[in-house]
Structures are given as structure tokens and as C-alpha cells.
Amino acid sequence: MKTYIVGGAVRDRLLGLPVTDRDFVVVGATPDDMLALGFQPVGKDFPVFLHPHTHEEYALARTERKSGHGYKGFKVYAAPEVTLEEDLRRRDLTINAMAEDEAGALIDPYGGQRDLAAKTFRHVSAAFAEDPVRILRVARFAARFTDFTVAPETHALMRKMVDDGEIDALVPERVWQEVARGLMDAQPSRMFQVLRDCGALTRLFPEIDRLFGVPQPPEHHPEIDTGVHTMLVVDWAARQGFSLPVRFAALTHDLGKGVTPPGLWPRHHGHEAKSAELVRALSERIRVPADCRDLAVAVARDHGNAHRALELRPGTLVELLERLDAFRRPERFEEFLQACECDFRGRPGYPDKPFPEPDYLRQALQAAQAIDAAEVARNADPARIREAIFQARAAAVAAWRDRLQTDKP
């Protein structure tokens, strides 16, 4: 019975990166052997155990054979005679198919160290094609390891998997899980570029794929292409270290531009309402969590109003704040402003341009919050309490704006 550290922990150590999680493979053992040593079983589809003290995961060496469509269509064989090399062979990429023994010696039967040096994502074997999740994993790794490229033969295999329809077997929850992880990596645009290059983007995210090639007015968008703009926006969000909801909102804020009739290009009048509808549909399809969905809908619907904030009348400003639920959820309002700033900054030449609108909206909220809503309600006709509070807030915002104008040099 021998134990090895495998996968990402080995890869990251060789890259000089922090190792946060370790996975172990046990060769030459049975489930009964693990139980006798005090390990706790947790695996449903194959034998995985938790160490009795560290609670790290230990999996018995196993092989897999394709038995159906999708990433669950496998028959697993775990037995003492399965070798470490056989276990590593079933893994996705060579850089993830390395191991270390208990003495710290590297076991690298498939050239992972070579591909690390060459900064290349290369599949271990033809078995890569049996699991469509691996397409998403390669794309996600591209967002994390931003100077790596996909090997030509791996790209060709991914393209064939898409053409064969294997990608269509992915369950929505797994798609969201992988994409969410990629959005939180260093350069999310690379994930979408890899998916687009192999044809997977149009199958998984047609709403995003059709943004590419759609022009925008060059006086506002020097990059012109809506897809390029979207990638710049989501990468800006990543560089600021913003939350997953903000990054998802950055990704989806302009989906409506993808359905503008070409005869109307480069204008996209009313794209905000269309974007909100498409965000709802996309979120339902891939089971996006409510916090990400709700912020993305709000940003899609109202980012144009945020950019026009200085032009809005006091009543319109209050309507916007109420629609965004800013009075009850100021933290989400802040995320809304962050996503809108990503939209503004995600254009060539715009990272250092003045963008006073977010602070203007923050101050408008503070002015509206200054009224005593409970006092207004007590003195109002019960049938008109909501309207009375709205009018008081609008008056407070108007007074604040008048002071702002007076104080200008």
C-alpha cells in the first residue's frame, strides 16, 4: 500500500504557487484496508475516504471506462492491482497527471513537467474526449494560467467533442460551477476565448457568442466590437478583485446588443430591457444563484441610467434608487455601481477617464436616506404613504442637487 500526492498540488508546487488543497491516491489498498486504518468513506461513485486526523481526501487508484453520454457516463474500477500510472492516465491534462511519493520524488509518466515549462495545456490520452467537463476545465485553466496555450492536438480534440455533440450532455449545474470558478480567476476573457475557439461557446452560451462581430458607436466604444467590449469589462472586474456577482453582471450587461437587427447597427436603442430578459433566461438555463442573477438583471436593465445619472431629474433618481432596492440593500447597490464602472472602464483609453456618476449616485442615496421615512408615514394619508415617502425623498435629492450646483466654483 503506497500513498501519493497527485494533481493540482504537484502542479502548483512546481510552478512555485501556494498549495492550498492536496489530493491523495492510494495504490494497493482495498476499501476494507482504509476502514481498518480509521478512514471515513465519502465517495458515492468511487472509493474516496477522509483521513481520520487531517480530513484530507484519499482516493483509491482507479480506472474509468466510458459507458454513456456526459460526464457521469462512466464505469469505475478501483482495485489493489490498479497502478499509479493507470490512475494518472485517466486525468485530463499532463500538467495535472503528476504525482509525488512519500519521499517527495516526482512521478511524471506523461510529460507534465515538460508541458509546464512549455506553458502548454495538453491532454493525457484519447480518454480526454470521454468527459465534456474537460473542455470547461481547460478553458478555466486558461483564465487562471494566463500565459499558457492549448496544444493544437488538444484544441482539435475539443473541437471534435463539440462537433460530436458531447458538450450537449453537460448538466447546467456543472456548467455554472466551472464558469463561476473561471470568472473568479485572473483573466476570465481567456476562458471564453478558449470556448469560442473550439465552438463550445455558441453551444453553452449563445447569448455571449453572438456579441462578437456586433458593432457599437465608435464615439462611445473605440473597441467597436461588443464581444471585445464585454471581455474588457469582465477582465477589468477581475483586476479589481470584485465579487462573483459583479463579474457575472459585467459579463452579461450587454446581452441585448446581440439581438439588435443588423439594419440598426451600430445603435442599440432599448438594448437594456432586452439584456435583462436574456440574463433571466440564461440564469434559469444554467441555474445561476439568485444573488448573481438579481444583480446581473439590475445592471443589464439600468446601467444606461447609471451612465446618465448627472442628467436625471430628482424624481427619476429616486425611482432608480428604489428600483435598485438601494434603501434596503446598500451593499448590493454598491455592487451595482462597481459593475457599471467596469462597463465604463472596459474600453480602450477609458481606465483613467473621469467617471463621477457612481459617487453622484452614492450622494443622491445619502440625501434621500436623510429623510425620516417613519415620520413621513405617520403624517401621511394611509392610502398615500408610499407616494409621500417618494416625494420627500425626491425633495431631499432636489435640495442636495441645488446645493451641489451652488457650491460649484
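1. In the second largest pocket, α14 gives the largest share of the lining, 3 residues. Helices here are DSSP runs of H or I with at least four residues, strands are E runs of at least two, and both are numbered from the N terminus. A pocket is an open set of points on a 1 Å grid over the protein atoms alone, where a 1.4 Å probe fits, with protein on both sides within 12 Å along at least five of seven lines; lining residues have an atom within 4 Å of a point.

2. This is a predicted model: local features need pLDDT of at least 70, side-chain atom pairs count only at pLDDT 80 or more, and totals for chains, interfaces and linings use all residues. Residues are numbered from 1 along each chain as its sequence is written, and side-chain values use heavy atoms, without hydrogens or water.

3. The second largest pocket holds about 570 Å³ of space. Its lining counts 23 residues, and His220, His221, His307, Arg308 and Arg347 are the closest to its centre. At least two lining residues come from each of α13 (271–285), α14 (290–307) and α16 (330–345).

4. The largest pocket has a volume of about 1,600 Å³. It is lined by 44 residues; Asp23, Phe46, Arg62, Arg137 and Arg174 are the closest to its centre. Among the elements giving two or more residues are β2 (23–27), β6 (62–66) and α7 (172–183). The largest share, 6 residues, is from α5.

5. By class, the largest pocket's lining has 16 nonpolar, 6 polar and 22 charged residues. Nonpolar means Ala, Val, Leu, Ile, Met, Phe, Trp, Tyr, Cys and Pro; charged means Asp, Glu, Lys and Arg; the others, Gly among them, are polar. Volumes are the space filled by probe spheres set on the points, with grid points joined across faces, edges and corners.
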